[in-house]
Amino acid sequence: MTENKNKNGVLYFLNPNKKFRSDSFGLTARFLDILPKEEVGKIFNNQYMENKNSLAHLEFHKPVLLNEVVSLLAPQANERLIDATVGTGGHLLALFEKTAGRLKALAIDKNSRSLKLAQLRLSRFAKNIVFVREDFANLKTVARRAGFLEVEMILFDLGVASWQFQDENLGLSFAKDAPLDMRLSEKGSKTAFVVVNNYNRADLERVIREYGEEKEYKKIADFIIRARPIYSTKELADVVTKAKKETFPKKIHPATKVFQAIRIEVNEELSALEEGLKAALEILATGGRLAVISYHSLEDRIVKRLFLTKKREGGFLLLTKKPLQPTPQEVYINPSSRSAKLRVIKKLT
Ligand SMILES: C[S@@+](CC[C@H](N)C(=O)[O-])C[C@H]1O[C@@H](n2cnc3c(N)ncnc32)[C@H](O)[C@@H]1O
């Protein structure tokens with residue numbers, strides 16, 4: 001990471017080992033260029049003051065299936081849209097660019113850092129965007145309050161942004177040792193520590209079986225219970241690795257599915273998705289398009305089932321008969337896109 005100043009004397013950082021592209025996929029260089037160092041510091045707890053190398057994670061989340069989302073949502077000038085998971089704003093930026101900024105948007109995220117980053121990144125379109133920190137489970141209320149009922153486009157890009165996985169404060173990854181938290185919103189009352197240490201055996205088994213789809217849920221729950229108290233992500237990853245000693249496939253870390261399961265439980269991700277999608281289908285205008293990108297089969301099943309039900313009931317058209325998936329080129333550039341599935345539905349009446 002090297003420290004530079006732009007022509008206005010603003011401090012910014014570049015990783016000399018990375019090439020930066022100038023399109024919406026890789027705005028890192030341009031984005032950091034426009035950020036005053038105080039803003040970077042505020043967002044990342046002034047970590048850069050102590051260690052500039054820690055800014056490596058400022059390479060923002062690459063928006064997944066970007067061209068597909070833009071072409072299927074097909075934004076037209078003066079339309080309105082809700083981005084229910086604005087993240088660091090990659091998709092929303094591309095949709096604004098497509099219409100030369102002639103959209104009105106409601107941008108929602110339950111994570112305050114995501115929202116701050118999106119606000120900075122989208123600052124040139126700020127007068128057309130209302131930013132709200134909320135859970136999309138409350139989409140209808142948020143949309144009503146912001147005056148965004150009857151909208152032409154709604155986007156859900158589910159899950160977690162790549163920088164959130166690397167954020168030690170969130171404790172989402174076994175790759176970094178961190179306290180067991182996993183809440184995407186500081187407002188959430190349940191942490192991963194509670195699930196891991198306080199859940200009874202039946203509940204812990206249920207979480208690992210249903211949300212991790214782990215065949216060995218009983219053995220894993222047993223190892224966790226016997227190792228209590230467990231304080232950190234690394235301790236948890238080690239316990240799960242021991243439980244799965246002989247059977248885990250070499251390709252993925254043995255704790256991957258258990259971490260996913262606990263994150264889903266902590267953030268109540270699946271019930272939020274059901275609520276959010278139902279609200280979205282209600283508040284779409286006639287002719288409106290709803291796009292959802294999911295990253296695992298539990299999410300995709302919910303989207304698929306709800307879209308098929310709506311189609312059968314009538315008044316909706318599936319714009320993706322089969323879900324769209326990233327091309328091998330996209331997966332090569334952005335490996336974390338590999339499990340993505342995009343489904344889009346249009347409201348006809
Ligand atoms: C994959 S990222 C979105 C990336 C974004 N499309 C972009 O281009 O930068 C998912 C975002 O959804 C947010 N999120 C996850 N669950 C949410 C929920 N229930 N309500 C609101 N935001 C949520 C996360 O905090 C994260 O910022």
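This is a predicted model: local features need pLDDT of at least 70, side-chain atom pairs count only at pLDDT 80 or more; totals for chains, interfaces and linings use all residues.
Good morning, colleagues. I shall begin with the chain as a whole. It has 349 residues, of which 51% count as buried. Its secondary structure comprises 16 helices and nine strands. The accessible surface comes to about 16800 Å², and carbon and sulfur atoms account for 51% of that area. As for contacts between residues at least 6 apart in sequence, 70% of them join residues at least 24 apart.

Let me turn to the interior. As a general matter, nonpolar side chains in soluble globular proteins tend to be buried together. In this chain, the largest nonpolar core has 62 residues, and Ile82, Phe156 and Leu290 have the most contacts inside it. The element that gives the most to this core is helix H14, residues 269-283, with eight residues. Apart from this core lies another, of 31 residues, including Leu73, Leu81, Ala107 and Leu122.

Which residues does isoleucine 82 contact, if we leave aside its neighbours within four places in sequence? Among them are Leu106, Ile108, Leu139, Ala143 and Phe148. Isoleucine 82 is also in contact with Val151, Met153, Ile154, Leu155 and Ile283.

Helix H14 also carries glutamate 274. Is this residue buried or partly exposed? Glutamate 274 counts as partly exposed, because its relative accessibility is 21% and the buried class ends under 20%. Beyond residues up to four places away in sequence, glutamate 274 touches Ile302 and Arg305. Glutamate 274 and isoleucine 302 are 28 residues apart in sequence, yet their C-alpha atoms are 7.0 Å apart in space.

I now come to the ligand.

Histidine 91 places a polar side-chain atom 2.8 Å from a nitrogen atom of the ligand. Aspartate 135 likewise has a polar side-chain atom, at 3.0 Å from a ligand nitrogen. In the case of aspartate 109, an N or O atom of the side chain is 2.7 Å from an oxygen atom of the ligand. How much of the ligand's surface does the protein bury? Taken alone, the ligand exposes 610 Å², and the protein buries 98% of that.

Why may we call H6 largely enclosed by the rest of the structure? The reason is that seven of its 10 residues, in the span 112-121, are buried. At the start of H6, a side-chain oxygen of asparagine 111 comes within 3.2 Å of the backbone nitrogen of arginine 113.

My last topic is serine 337, in the loop between helix H16 (328-333) and strand E9 (341-347). Serine 337 is buried, since its relative accessible area is 0%. Its side chain reaches the backbone oxygen of asparagine 334 at 2.8 Å. Not counting residues up to four places away in sequence, serine 337 touches Val64, Pro326, Glu330 and Val331.

That concludes my remarks. Thank you for your attention.

Definitions and conventions:
Residues are numbered from 1 along each chain as its sequence is written. Side-chain values use heavy atoms; hydrogens and water are left out. Buried means under 20% relative accessible area, exposed over 50%, partly exposed in between (1.4 Å probe, protein chains only). Helices (H or I, at least four residues) and strands (E, at least two) are DSSP runs, numbered from the N terminus. A polar contact is a pair of N or O atoms within 3.5 Å; within protein, one must be able to donate a hydrogen and the other to accept it, and residues adjacent in sequence count only if both atoms are side-chain atoms. Accessible areas come from the Shrake-Rupley method with a 1.4 Å probe; for residues, only the protein chains shown count as cover. Contact means heavy atoms within 4.5 Å. A nonpolar core is a set of buried Ala, Val, Leu, Ile, Met, Phe, Trp, Tyr and Cys residues joined through side-chain atoms within 4.5 Å.
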